[in-house]
Amino acid sequence: MPPSPDAVAALKVGWAGVTDRASLDHPAVDVPAADLLGVLGSLKSLQGFDMLTDVAGVDWGVGARPRFTVVYHLFSTTTHAYLRVASSCPDDAAPQLPSAAALWPGADWHEREAFDMFGIRFAGHPDLRRIIMWDGYPYHPLRKDFPLAGIETPLPDAEITAEVKVGLIAAPMAGGPFVAAAGQMNMGDAEPRAKDESWNERRPKPGT
Amino acid sequence: MVSANAELAYNSKIEGDVVVSRADAVINWIRTSSMWPMPMGLACCAIELMAVGASRFDLARFGAEVMRFSPRQADVMIVSGTVTYKMASAVRRIYDQMCEPKWVIAMGACASTGGMYRSYAVLQGVDRILPVDVYVSGCPPRPEALLDALIKLQEKVKREPSASKLLTA
């Protein structure tokens, strides 16, 4: 198994914009958005990173610059090396990056998910539709400015909405979000529950 | 070969092939004894639903073993699992395709209230879109709990004024 930092060193020779990225495990690099497709293409064709294991979106928060980053997890089935490539979207209001779907077909659905959850558009994607929420859903739920409880919206099917006359509601959080407690021996204690149980639907939150 | 108690039961020679009963009792007896479920298995509760149908818990003892996966042949929809908003329209559409009379069992915490999923994606209780007859608590409920729900539903159906409903419908 060859040491994978070689891949980073070889990459930096050809691409001046590539910089090291802090990482606890595998080598990682930051790549400017303009160089992204070229870097990914050379990693695939010249360094044998033939497998794209994941494409993940990151929202650094409202007002952060850059706000949106996309992280590509590459793996080589010949050298068994991992490499993480991150690239930030130049535009914070309408984040966009080139699509890697032409290099690895597996990027197709990963990029659709990043588009669905974060609103990051991928230029050149063959079929950039929502993959988890339904078509026509107006928000991108994993953005930092989207509340976990949700925002009131009609149901996806207009016919059903006319029948049942309800839509999405902001979920009652009741001291939530509901999280499981780690390290509990008793299953009852480990059950997901609200961290703050001082308020619920009937009792208002203290101090509000 | 005739037992000593035979004369105490129905004797066609004396009664003349006639049984006297109330229409409600007959209709409800038929309905409760063959309550075919529409298994709306959406999450882990569906695994318990399968256990209920299998030999150990044996839903067939209550006449409800015929899970058809076709709303047109079903009487009771068992919503077992987390109903997301994306799925909610489909659940309601399947319910609309079931023939009257029809009933709904909300199985488990998620189907009843949204459970621990207080989030943007999950319907906060299937009773927002369907008329639920019986709620079953648990995450997931034990198979016995679902059997109890079915028995509760049968008791409810037995109290219904079915004949007058049929005549006025």
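1. A contact means heavy atoms within 4.5 Å. By that criterion, among contacts in chain B between residues at least 6 apart in sequence, 79% join residues at least 24 apart. The structure is a predicted model, in which local features need pLDDT of at least 70 and side-chain atom pairs count only at pLDDT 80 or more, while totals for chains, interfaces and linings use all residues. Residues are numbered from 1 along each chain as its sequence is written, chains are lettered from A and ligands numbered from 1 in the order in which they are written, and side-chain values use heavy atoms, with hydrogens and water left out.

2. The C-alpha trace of chain B spans about 70 × 40 × 25 Å along its principal axes. Chain B has seven helices and four strands; helices (H or I, at least four residues) and strands (E, at least two) are DSSP runs, numbered from the N terminus. The order of these elements from the N terminus on is α-α-β-α-β-α-β-α-β-α-α. Of the 169 residues of chain B, 45% count as buried. Buried means under 20% relative accessible area, exposed over 50%, and partly exposed in between, with a 1.4 Å probe and protein chains only.

3. Strand β1 (residues 37-41) of chain B has four of its five residues buried, so this strand is largely enclosed by the rest of the structure. The path from β1(B) to β2(B) passes through helix α3 (residues 45-53) of chain B, and this β-α-β crossover is left-handed. A crossover is right-handed if, with the strands pointing away from the viewer, the path from the first strand over the helix to the second runs clockwise. β1(B) and strand β2 (residues 76-80) of chain B run parallel and are joined by five bridges; two strands pair if DSSP finds at least two bridges between them. Pro39(B) has Ile78(B) in β2(B) as its bridge partner.

4. In chain A, five strands form an open sheet of mixed pairing, in the order β1-β2-β5-β4-β3. The edges are held by β1 (19-20) and β3 (51-59) of chain A, each with a single partner strand, so one side of each is left without a neighbour in the sheet. Strand β2 (residues 28-30) of chain A pairs in the parallel sense with strand β5 (residues 82-88) of chain A over three bridges. The bridge partner of Ala28(A) in β5(A) is Arg84(A).

5. Helix α2 (residues 36-45) of chain A lies across β4 (68-75) and β5 of chain A and runs at about 170 degrees to β5(A). Helix α3 (residues 107-118) of chain A also packs on the sheet, where it touches β3 and β4 of chain A, and its direction makes about 10 degrees with that of β3(A). Axes are lines fitted to C-alpha atoms, for helices over the stretch in contact, and angles run from 0 to 180 degrees between N-to-C directions.

6. Gly48(A) is placed in the loop between α2 and β3 of chain A. Not counting residues up to four places away in sequence, Gly48(A) touches Leu43(A), Phe75(A), Ser76(A), Thr77(A) and Thr78(A).

7. A search of the whole structure finds zero disulfides over all chains, a disulfide being a pair of cysteine sulfur atoms within 2.5 Å. For Cys139(B), the nearest cysteine sulfur, that of Cys110(B), is 5.7 Å away. Cys139(B) is exposed, with a relative accessible area of 62%, whereas Cys89(A) is buried, with a relative accessible area of 1%.
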